[in-house]
Amino acid sequence: MSTQAHTPNHPHDPNCIFCKIVAGQIPSRKVHEDEDILAFHDIQPWAPVHFLVIPKRHIPSMAQIGPDDAALMGRIMTLIPRLAEEQGCNPYPDGGFRTVCNTGTEGGQEVHHLHVHVMGGPRPWSRG
Ligand code: AMP
Ligand code: ZN
């Protein structure tokens, strides 16, 4: 078996751009990394702060998550306020941030590796 950056707990889709970012095959500007989660800046930001939070494991979208993913999804959501503040989002309630998780084509999803967008910073934004 070849040496891989991924354990069986982190199945990797060789055609997935975000799996390639997790594997370091495509560069990213990292915001956070731990064993299960990676956060990095979006290459086409809609807002002064715009980063993506992803599980390292290739889960195509929220349509595929189940009870076994509750802790992972909980960790992603609870990480976001701290990362948003660190990246320069202003404090709640006058500041804040937007979290978006597009699911499927009709849900506006283009990259089919689960990701949560986090957008914030002073208005106006380029989109959204
Ligand atoms: P979605 O439409 O929710 O699937 O969003 C995919 C997001 O991934 C878009 O906002 C893209 O700008 C972003 N994106 C695509 N490729 C990269 C990349 N190599 N590095 C960072 N962000 C990316
Ligand atoms: Zn992937």
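Guide: A polar contact is a pair of N or O atoms within 3.5 Å, and within protein one of them must be able to donate a hydrogen and the other to accept it. Keep in mind that this is a predicted model.

Visitor: What makes the pair of Pro-60 and Gln-109 a polar contact?
Guide: A polar atom of the Gln-109 side chain lies 2.9 Å from the backbone oxygen of Pro-60. The cut-off is 3.5 Å, so the pair counts as a polar contact.

Visitor: Why is Gln-109 called buried?
Guide: Its relative accessible area is 5%. Buried means under 20%, so Gln-109 is buried. Its place is in the loop between strand 4 (97-100) and strand 5 (116-120).

Visitor: Where is His-115, and is it buried or exposed?
Guide: His-115 is in the loop between strand 4 and strand 5. With a relative accessible area of 6%, against a limit of 20%, His-115 is buried. Its side chain reaches the backbone oxygen of His-113 at 2.7 Å, and with a cut-off of 3.5 Å that pair is a polar contact.

Visitor: Which residues come nearest to ligand 1?
Guide: Of the 16 residues around ligand 1, the nearest are Asp-42, Asn-102, Glu-110, His-115 and His-117. A residue belongs near the ligand if one of its heavy atoms lies within 4 Å of it.

Visitor: How do you know that Asn-102 and His-117 make polar contacts with ligand 1?
Guide: A polar side-chain atom of Asn-102 lies 2.8 Å from an oxygen atom of ligand 1. For His-117, a polar side-chain atom is likewise 2.8 Å from an oxygen atom of the ligand. The limit is 3.5 Å, so each pair counts.

Visitor: What part of Gly-108 lies 3.1 Å from an oxygen atom of ligand 1?
Guide: A backbone N or O atom. The protein covers 88% of the 510 Å² of accessible area that ligand 1 has on its own.

Visitor: What kind of space does ligand 1 take?
Guide: The space taken by ligand 1 is the largest pocket.

Visitor: Which helix gives the most to the shell around ligand 1?
Guide: Helix 1, with 3 residues. Helix 1 (17-22) and strand 2 (37-41) each supply at least two residues of that shell. By class, the shell has 7 nonpolar, 7 polar and 2 charged residues.

Visitor: Why does Asp-68 count as exposed?
Guide: Its relative accessibility is 79%, and exposed means over 50%, so Asp-68 is exposed. Asp-68 is in the loop between strand 3 (49-55) and helix 2 (70-86). Its C-alpha is 23 Å from that of His-32, and the two are 36 residues apart in sequence.

Visitor: Why is Trp-46 called partly exposed?
Guide: Its value is 28%, which falls between the limits of 20% and 50%, so Trp-46 is partly exposed. Trp-46 lies in the loop between strand 2 and strand 3.

Visitor: Is Gln-44 buried or exposed?
Guide: At 62% relative accessibility, against a limit of 50%, Gln-44 is exposed. Gln-44 lies in the loop between strand 2 and strand 3. Gln-44 and Ser-126 are 82 residues apart in sequence and 9.9 Å apart in space, C-alpha to C-alpha.

Visitor: Is Val-49 buried or exposed?
Guide: Val-49 has a relative accessible area of 6%, under the limit of 20%, so Val-49 is buried. Val-49 lies in strand 3.

Visitor: Which peptide bond has omega near 10°?
Guide: The one from Tyr-92 to Pro-93, which is cis. Pro-93 lies in the loop between helix 2 and strand 4. The peptide bond from Arg-123 to Pro-124 is also cis, with omega near 5°, and Pro-124 is found in the segment after strand 5. Most peptide bonds are trans.

Conventions: Residues numbered from 1 in each chain as written. Chains lettered and ligands numbered in written order. Predicted model: local features only at pLDDT ≥ 70, side-chain atom pairs only at ≥ 80, totals over all residues. Heavy atoms only, no water. Areas by Shrake-Rupley, 256 points an atom, 1.4 Å probe, with all protein chains shown as cover. 1 Å grid on protein atoms, 1.4 Å probe; cavity = no way out; pocket = protein on both sides within 12 Å on 5 of 7 lines; lining within 4 Å. Sits in = over half its atoms within 2 Å of the grid points. Helix = DSSP H or I, 4+ residues; strand = E, 2+ residues; numbered from the N terminus. Nonpolar A, V, L, I, M, F, W, Y, C, P; charged D, E, K, R; others polar. Buried < 20%, exposed > 50% of the residue type's maximum accessible area, 1.4 Å probe, protein only.
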